[in-house]
Amino acid sequence: MNAMPLKAYAVLEKDEFTGDIYFANRSIVAAKAGAAEYSDGELSYVQCRRAPWADAFAGKGVPAKVSVDHGWRFECSGCGITIDEDLETEHRLPVSGVVGTMHGAVYCCARCKWRRMKKEARRQEEEAAAIDDFKAIVRQRFPDAEFCDDEDKFRGHHAYLTRSWGSRFWHRAQIMVAFRFPGMQIGPAHFRMDSHHKIGPTNAYYTCCNGDREAFEAYAKSTKGAA
Ligand SMILES: [Zn+2]
């Protein structure tokens with residue numbers, strides 16, 4: 001058993017110098033882990049150096065702000081600016097305010113992270129509202145449709161919204177709701193709308209699996225006039 005604490009190694013691929021800090025008891029172990037991630041396992045494409053400054057963070061995650069002091073660079077997950085030792089001079093943001101660890105999302109400051117979280121929550125609300133609206137349309141046409149709220153995002157409901165820079169308006173670029181119907185054998189039918197462009201007519205339509213076509217058409221026929 002090895003009771004020695006792990007040591008930190010900076011492993012970088014030599015082309016663009018992207019990489020990470022790895023904790024290991026030997027340099028070759030760290031180099032192999034880094035090569036697997038950054039150079040398809042090719043050891044000669046990476047450099048591996050001891051990074052004693054990061055030893056203290058073994059098992060905890062290296063704070064991004066500490067690594068910036070040692071020459072590492074990140075892209076802010078909120079606003080996209082480059083986070084490096086010039087953060088203060090170029091963006092008037094102190095490096096000490098950088099949020100996140102090397103393995104996760106890194107933000108230029110707490111405020112930027114907060115804004116990002118708020119925007120993400122807003123997006124999820126808008127997506128849920130769009131799906132609800134589409135369910136209401138389907139319910140009108142097919143009152144006994146059974147919505148697939150339990151399906152994954154590939155077979156179930158899906159909403160893709162976009163928002164122009166600085167705009168408060170969310171554009172519904174693609175909405176899809178999935179539902180089961182009497183006689184269905186293969187998979188749920190969908191009501192979907194694709195409108196990736198803001199100009200021109202939107203296109204909303206029902207689709208079903210090939211093998212369910214007859215059943216769906218019969219169902220559609222039998223429910224006609226129900227609305
Ligand atoms: Zn930011």
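Two residues are in contact when heavy atoms of each lie within 4.5 Å. With that in mind, look at how the chain meets itself. Among contacts in the protein chain between residues at least 6 apart in sequence, 46% join residues at least 24 apart. Keep in mind too that this is a predicted model.

Start with the whole chain. The protein chain holds five helices and ten strands. Its C-alpha atoms fill a box of roughly 75 × 45 × 30 Å along the principal axes. The radius of gyration is 26 Å, whereas a compact globule of 227 residues would have one near 17 Å. Of the 227 residues, 35% are buried.

Take the pairings one at a time. Strand 1 (residues 7-13) pairs with strand 3 over five bridges, in the antiparallel sense. Strand 1 also pairs with strand 2, again antiparallel, over six bridges. Val11 shows both pairings. Its bridge partner in strand 3 is Cys48. Its bridge partner in strand 2 is Asp20.

Strand 1 and strand 2 form a hairpin, with five residues between them. Phe17 sits in that turn and has a positive phi of about 55°. Most residues other than glycine have a negative phi. Strand 2 itself is mostly covered, with five of its six residues buried.

What packs on this sheet?

Follow the chain onward from helix 1. Asp40 lies in the loop between helix 1 and strand 3. Asp40 is not a glycine, yet its phi is positive, at about 55°. Is Asp40 buried or exposed? Asp40 counts as exposed because its relative accessible area is 81%, and exposed means over 50%.

Next comes the metal site. Which residues coordinate the zinc ion? The donors are the SG atoms of Cys76, Cys79, Cys108 and Cys112, at 2.3 Å. In sequence, these donor residues follow the spacing C-x2-C-x28-C-x3-C. Two of them, Cys79 and Cys108, link distant parts of the chain, 29 residues apart. Cys79 is in the loop between strand 4 (74-75) and strand 5 (82-83). Cys108 is in the loop between helix 3 (87-91) and helix 4 (110-141).

The four donor atoms make angles of 103 to 114° at the zinc ion, and the site is tetrahedral. The ideal angle for four tetrahedral donors is 109.5 degrees. Cys79 is partly exposed, with a relative accessible area of 44%. Cys108 counts as buried because its relative accessibility is 4%, and buried means under 20%.

The loop between helix 3 and helix 4 also holds Arg92. Arg92 is a residue other than glycine, and its phi is positive, near 55°. Arg92 is exposed, with a relative accessible area of 76%.

Finish near the end of the strand list. Strand 9 contains His190. How far apart in space are His190 and Tyr206? Their C-alpha atoms are 5.6 Å apart, although 16 residues separate them in sequence. Leaving out residues up to four places away in sequence, His190 touches Arg155, Gly156, Met176, Val177, Ala178, Phe179, Tyr205, Tyr206 and Thr207. His190 is buried, with a relative accessible area of 13%.

Ser195 lies in the loop between strand 9 (189-194) and strand 10 (203-207). Ser195 is in a loop, and it is buried, with a relative accessible area of 7%. Which residues does Ser195 touch, not counting those up to four places away in sequence? They are His171, Arg172, Ala173 and Thr202.

Conventions
Residues numbered from 1 in each chain as written. Predicted model: local features only at pLDDT ≥ 70, side-chain atom pairs only at ≥ 80, totals over all residues. Heavy atoms only, no water. Pairing = 2+ DSSP bridges. Helix = DSSP H or I, 4+ residues; strand = E, 2+ residues; numbered from the N terminus. Donors = N, O, S within 2.8 Å, 3.2 Å for Na, K, Ca; no water. Tetrahedral: all angles 85-135°; square planar, octahedral: opposite > 155°, others 65-115°. Buried < 20%, exposed > 50% of the residue type's maximum accessible area, 1.4 Å probe, protein only. Rg over C-alpha atoms; globule rule 2.2 N^0.38 Å.
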